[in-house]
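Student: I have a model open and want to learn how to read it. Can we go through it feature by feature?

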Amino acid sequence: MEDEQTEVWQLLRLLDDPDHLEFPADFDYDRANDRASDLCHRLECDFGCSLYLLTGPGVQDATFRADIAIPPEATATGKQIWLRISNHGPLAIYGIGTIRASNRDADAGAELHPDDRARLESALIEHGYIIVPNDPLHEPYDGLNDKWRGRMNPPFTWFVRYFDYT
């Protein structure tokens with residue numbers, strides 16, 4: 001478990017480019033949207049429903065690329081499940097409810113039914129995403145960008161760095 005957490009921190013710090021806050025220098029907008037769309041289609045098949053995908057112009061001034069919401073009636077958990085894809089590398093997170101309600105909960109996915117978790121994680125991994133655990137994302141940002149480091153209102157965390165509006 002400690003090795004996994006060390007690897008997550010190494011990845012978060014590796015991707016932290018202070019000159020490119022919302023997306024990396026080599027960011028391919030169209031490819032990122034296509035990849036998120038492909039993931040959404042896969043999840044529609046896996047969950048047997050139409051899904052809502054928010055990308056493109058709906059996501060501005062943000063460090064993330066896409067949100068996908070899976071309705072409660074399509075889940076074994078019986079609650080809405082959300083996924084968020086970062087602009088930075090292949091980072092992805094997921095949880096129950098809404099992203100605003102769940103993003104500060106260290107165990108946002110703990111209540112997830114094992115079948116839902118398996119479908120989500122299988123689709124994310126097969127599409128090349130890396131699932132980031134919530135715990136490190138809620139630590140105060142102490143990265144390379146002086147402007148963001150120490151910002152307190154609201155507290156600037158690693159979640160904001162890779163998965164929120166700036």
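Student: Which residues does threonine 157 touch, not counting residues up to four places away in sequence?

Tutor: Contact means heavy atoms within 4.5 Å. Threonine 157 touches Leu137, His138, Glu139, Pro140 and Tyr141, with residues up to four places away in sequence not counted. This is a predicted model, where local features need pLDDT of at least 70 and side-chain atom pairs count only at pLDDT 80 or more, while totals for chains, interfaces and linings use all residues. Residues are numbered from 1 along each chain as its sequence is written, and side-chain values use heavy atoms, with hydrogens and water left out.

Student: Where does threonine 157 lie?

Tutor: Helices (H or I, at least four residues) and strands (E, at least two) are DSSP runs, numbered from the N terminus. Threonine 157 sits in the loop between helix H5 (134–137) and helix H6 (158–163).

Student: Is threonine 157 buried or exposed?

Tutor: Buried means under 20% relative accessible area, exposed over 50%, and partly exposed in between (1.4 Å probe, protein chains only). Threonine 157 counts as buried because its relative accessibility is 14%.

Student: Why does serine 50 count as exposed?

Tutor: Serine 50 counts as exposed because its relative accessibility is 65%. Its place is the loop between H2 and strand S1 (52–54). Neighbours within four places aside, serine 50 is in contact with Glu44 and Pro71.

Student: What about glutamine 5?

Tutor: Glutamine 5 is partly exposed, at 41% relative accessible area. It belongs to helix H1 (residues 2–14). Glutamine 5 and proline 136 are 131 residues apart in sequence, yet 8.1 Å apart in space, C-alpha to C-alpha.

Student: How many helices and strands are there in the protein?

Tutor: There are six helices and five strands. From the N terminus, the order is α-α-β-β-β-β-α-α-β-α-α. Of the 166 residues, 45% are buried.

Student: Which residues have the most contacts inside the largest nonpolar core?

Tutor: A nonpolar core is a set of buried Ala, Val, Leu, Ile, Met, Phe, Trp, Tyr and Cys residues joined through side-chain atoms within 4.5 Å. The largest has 22 residues, and Leu39, Leu43, Ile70, Leu83, Leu120 and Leu124 have the most contacts inside it. H2, strand S2 (64–70), S3, strand S4 (91–96) and helix H4 (114–126) each give two or more residues to this core. H2 supplies the largest share, five residues. A second, separate core of 18 residues includes Trp9, Leu12, Phe156 and Phe159.
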